[in-house]
Amino acid sequence: MQSLSAPSNLTDEQILAGTWVVVPVFNECTAVESVLRALRRVFPNVVAVDDGSSDGSWKTLQAHATYALRHAVNRGQGAALQTGTDFALDKGAHRIAHFDADGQHRVEDLVRMACAVARDECDIALGDRFRGASRIPAIRAALIRLAAVMHRLTSGIVLNDVHNGLRVLSAEAARRCELRSDRMAHASELIDLIAVSGMRVGQFPTTIEYTEYSIAKGQRASARARILVHYAVGKVFR
Amino acid sequence: MTVFQIALLAAIATTVTATLVLGRRGSLPRGIAAILVAGCSVGAVFVIEPDWATALARLLGIGRGADLVLYLLVLATSWGFLSMYMRLRAVRRDMTVLVRRMALDDADRDQRPPNT
């Protein structure tokens, strides 16, 4: 891991302890254990939110997360993130991190982003997979670019990568950006909230591991397209 | 009066009765109940006097009574779907609030020391 070279008065330990990592989990029992282990080696406060899984995920979370929360019924990733965020803020978190449960993110990328927010370089750190060492499948890359253009048109925010699940928000930013959409459209919703909030956004190179598993678990292109439509409909019928 | 007319009128009468009962119980908003009863009444008139539908259609420049009825049907179903969709969205949102609240309450209750 690289040097954290803390800001003025924050030690490395304080940065890591003040950054609460929220991991939304839905039927991820094969991958989530190693993800939680890797996070716990670095971050003392890992909040895993089981979003109504029907496999053994819940047991894994209880055993390996610092805090395990559970939705009785599946309500979508956005809802799970918001539940974890509320919990962490209530416990006094200084920063909230989002980290996917399928093993596609790297902990060292998160550390770098947490430091940037802790050092007050930005209020919100977003992962940018196009600048990391990711090998992005072509169709996925094209759809993400399309979504980025859409956000540029609708909310005027210029982002290289949108819908990257790796993020760090200052406590203040997390309070201002309360997610309300149930389903996957939360990534778009968050971008709108960021645009309105006027908070400082930093984009950080992140590497996404596109394993066979994460691709199989991830959204299909058709689902992505559907989410864009849902999001557009949501804009009309707010 | 043909068999079809009698069957249709019976169906309309059932719908109106159900609407009135539900409206009285308060399980159907008054506005929606009124719109349903009005729609059923117009339908009943057209069933009894099909020529009136044609006359009205001519007046509106549509031509055939059947077309007029079809257009009205399309409008009514679209409105029905839309209002149903909006209600479903509201229910889903409420459910999310509820589920999230429960998760946070459970977490507070457990309050077990973090596993280290």
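A residue is called buried when its relative accessible area is under 20%, exposed when that area is over 50%, and partly exposed in between, as found with a 1.4 Å probe and the protein chains only. Helices (DSSP runs of H or I, at least four residues) and strands (DSSP runs of E, at least two) are numbered from the N terminus. With these terms, strand β3 (residues 67-71) of chain A can be described as largely enclosed by the rest of the structure, because 4 of its 5 residues are buried.

The structure is a predicted model, in which local features need pLDDT of at least 70, side-chain atom pairs count only at pLDDT 80 or more, and totals for chains, interfaces and linings use all residues. Residues are numbered from 1 along each chain as its sequence is written, chains are lettered from A and ligands numbered from 1 in the order in which they are written, and side-chain values use heavy atoms, with hydrogens and water left out.

**Strands of chain A**

| Strands of chain A | Sense | Bridges | A pair of opposite residues |
|---|---|---|---|
| β2 (residues 46-51) and β3 | parallel | 5 bridges | A:Asp50 and A:Arg70 |

If neighbours within four places in sequence are left aside, A:Gly18 is in contact (heavy atoms within 4.5 Å) with A:Ala93, A:His94 and A:Arg95. Although A:Gly18 and A:Asn45 lie 27 residues apart in sequence, their C-alpha atoms are 8.0 Å apart in space.

**Helices of chain B**

Chain B contains 4 helices and 0 strands, and 20% of its 116 residues count as buried. Among the contacts in chain B with a separation of 6 or more, 41% come from residues 24 or more positions apart.

Helix α1 (residues 3-25) of chain B has 23 residues and reaches 33 Å from its first C-alpha to its last, which is close to the expected 33 Å, where the expected span is 1.5 Å times one less than the number of residues. The buried residues of this helix are B:Gln5, B:Ile12, B:Val16, B:Thr19 and B:Gly23, and they pack against α2 (30-48) and α3 (50-60) of chain B. An α-helix has 3.6 residues a turn, so residues three or four places apart point the same way. After α1 of chain B comes B:Gly26, whose phi is positive, near 90°.

The accessible surface of chain B, as given by the Shrake-Rupley method with a 1.4 Å probe, comes to about 8500 Å², of which 71% belongs to carbon and sulfur atoms. Within helix α4 (residues 65-110) of chain B lies B:Val74, which counts as partly exposed because its relative accessibility is 46%.

Key: Two strands pair if DSSP finds at least two bridges between them.
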